[in-house]
Amino acid sequence: MGAALLGKKVGMTSYFTDKGQQIPVTVIEAGPCPVVKVNTIESDGYEAVQIGFGVRSPKRVNKPEMGHFKKAGVQPTMFLKEFRVLDTSLKPGDVLKVGDLFKKGDKIKISGKSKGRGFQGVVKRHHFGGVGMTTHGQSDRVRAPGSIGSSSFPSRVFKGMRMAGRMGGKRTTIRNLEVVDVIPEENLLLVKGSVPGHINGLLEIVKL
Amino acid sequence: MNKLDLVKNYIREKTNQIRKEGGAEELSKLSDFKPGDIVNVAVRVVEGDKERIQNFKGIVLYRRGEGPNETFCVRKVSNGVGVERIFPLYSPMIQSISVLQSSKVRRAKLYYLRGMSERKIRQKLRAQ
């Protein structure tokens with residue numbers, strides 16, 4: 001069965017292998033994640049395991065939610081997420097930990113909400129090359145999108161045309177990230193390379 | 001202690017362990033040098049399955065970064081050509097760093113040495 005956890009980004013630093021290679025690593029605080037609910041085909045129509053992450057003051061939990069946590073017998077958590085890859089033989093109240101699920105060398109995928117970049121032009125947002133040169137009397141076409149379609153036919157701009165607009169702040173997944181190291185006592189996961197989102201952002205970590 | 005510092009310490013210990021196995025000096029012994037020092041850096045060089053120690057002797061231009069990200073730059077003039085080499089301080093490939101001569105400088109980044117002749121550098125460092 002697969003492994004999945006929720007975590008938050010702590011920051012980035014460097015790691016050295018015994019061969020002397022310097023690797024950029026992202027530090028993730030992953031888990032511990034209590035199992036809050038197990039969805040079964042009979043009750044929900046599909047199989048999944050709902051896990052929680054983060055500490056939440058009981059004052060900040062409304063009554064229906066509190067009931068949900070009480071039923072599982074766990075402390076209220078900041079986030080709840082369902083994973084279909086997890087083993088449905090888990091029981092509510094079980095706690096998932098990094099040390100048990102992930103080990104050095106594992107390939108994982110990480111999803112999170114990317115950093116919001118605001119309204120951006122096509123050069124930054126879609127990696128366009130821009131149109132013009134800076135010489136020959138041109139001064140304002142360097143980062144322009146260029147043509148967005150033909151004229152009388154079709155007389156409209158096709159849907160999905162890549163243009164300027166809001167960038168980032170969307171769910172992003174990076175696959176094939178490598179686990180460089182695990183520190184079980186501190187619930188920390190070191191992953192090679194960068195992961196989506198800002199520091200303290202919520203991350204979903206799934207074993208491939 | 002925040003979690004990132006904790007990881008930095010963890011990496012430090014881990015690197016120290018790797019260094020120990022490779023017969024290199026401990027990190028705490030390495031870090032005692034500053035810009036303006038003339039140092040000899042002993043670097044492990046792996047050629048195929050053979051290993052040897054290569055020495056790089058020169059003047060430390062700067063140290064930058066902190067923790068596992070720290071690097072330093074050593075400059076020397078070899079056959080009339082200026083050579084600068086940047087080393088990661090935590091690299092297990094660095095066997096030892098020995099300070100041959102220490103000089104008093106008033107800047108953290110000694111980029112101004114690049115344009116100077118060796119004689120002038122000597123005079124400058126002695127004058128200070």
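What share of the contacts in chain B with a separation of 6 or more comes from residues 24 or more positions apart? In this predicted model, such residues account for 53% of those contacts. The secondary structure of chain B consists of three helices and five strands, arranged from the N terminus on in the order α-α-β-β-β-β-β-α. Along the principal axes, the C-alpha atoms of the chain fill a box of roughly 45 × 40 × 20 Å. Chain B has 128 residues, of which 41% count as buried.

Aromatic side chains were examined next. A pair of aromatic rings is described by the distance of the centres and the angle of the planes. Over all chains, a search of the whole structure finds five aromatic pairs. In the pair of B:F33 and B:F72, the ring centres are 4.9 Å apart and the planes stand at 70°, so the arrangement is edge-to-face. B:F33 belongs to the loop between α2 (27–30) and β1 (38–47) of chain B, whereas B:F72 belongs to strand β3 (residues 71–78) of that chain; the pair therefore ties together parts that are 39 residues apart in sequence. B:F33 is buried because its relative accessible area, 5%, falls under 20%. B:F72 is likewise buried, with a relative accessibility of 1%.

The interface between the two chains was then considered. The size of an interface is often given as the accessible area lost when the parts come together. Chain B and chain A bury about 1,600 Å² between them, with 67% of this area on carbon and sulfur atoms. On the side of chain B, the residues that lose the most area to chain A are B:K3, B:L4 and B:Y10, which together make up 32% of what that side buries. In terms of contacts, 18 residues of chain B meet 20 residues of chain A.

Polar interactions also cross this interface. The rule finds three salt bridges between chain B and chain A, including one in which the side chains of B:K3 and A:E29 meet at 3.9 Å, N to O. Four residue pairs in polar contact are found across the interface as well. Helix α1 (residues 3–21) of chain B supplies ten residues, the largest share of the side of chain B that touches chain A.

In chain A, A:N39 is placed in strand β3 (residues 33–39). With a relative accessibility of 1%, A:N39 counts as buried. Its side chain makes a polar contact of 3.0 Å with the side chain of A:K37 and another, of 3.1 Å, with the side chain of A:Y46. Leaving aside residues up to four places away in sequence, A:N39 touches A:D44, A:Y46, A:E47, A:A48, A:E82 and A:T88.

Both ends of helix α2 (residues 63–72) of chain A can also be described. At the start of this helix, a side-chain oxygen of A:N62 reaches to within 3.1 Å of the backbone nitrogen of A:E65. After the helix comes A:G73, which has a positive phi, near 70°.

Notes: Residues are numbered from 1 along each chain as its sequence is written. Chains are lettered from A and ligands numbered from 1 in the order in which they are written. This is a predicted model: local features need pLDDT of at least 70, side-chain atom pairs count only at pLDDT 80 or more; totals for chains, interfaces and linings use all residues. Side-chain values use heavy atoms; hydrogens and water are left out. Rings of Phe, Tyr and Trp (its six-membered ring) pair if their centres lie within 6.5 Å; planes under 30 degrees apart count as stacked, over 60 as edge-to-face and the rest as tilted. Helices (H or I, at least four residues) and strands (E, at least two) are DSSP runs, numbered from the N terminus. Buried means under 20% relative accessible area, exposed over 50%, partly exposed in between (1.4 Å probe, protein chains only). Contact means heavy atoms within 4.5 Å. Buried area is the accessible area (1.4 Å probe) that two parts lose on being put together, summed over both. A salt bridge is a side-chain nitrogen of Lys or Arg within 4 Å of a carboxyl oxygen of Asp or Glu. A polar contact is a pair of N or O atoms within 3.5 Å; within protein, one must be able to donate a hydrogen and the other to accept it, and residues adjacent in sequence count only if both atoms are side-chain atoms.
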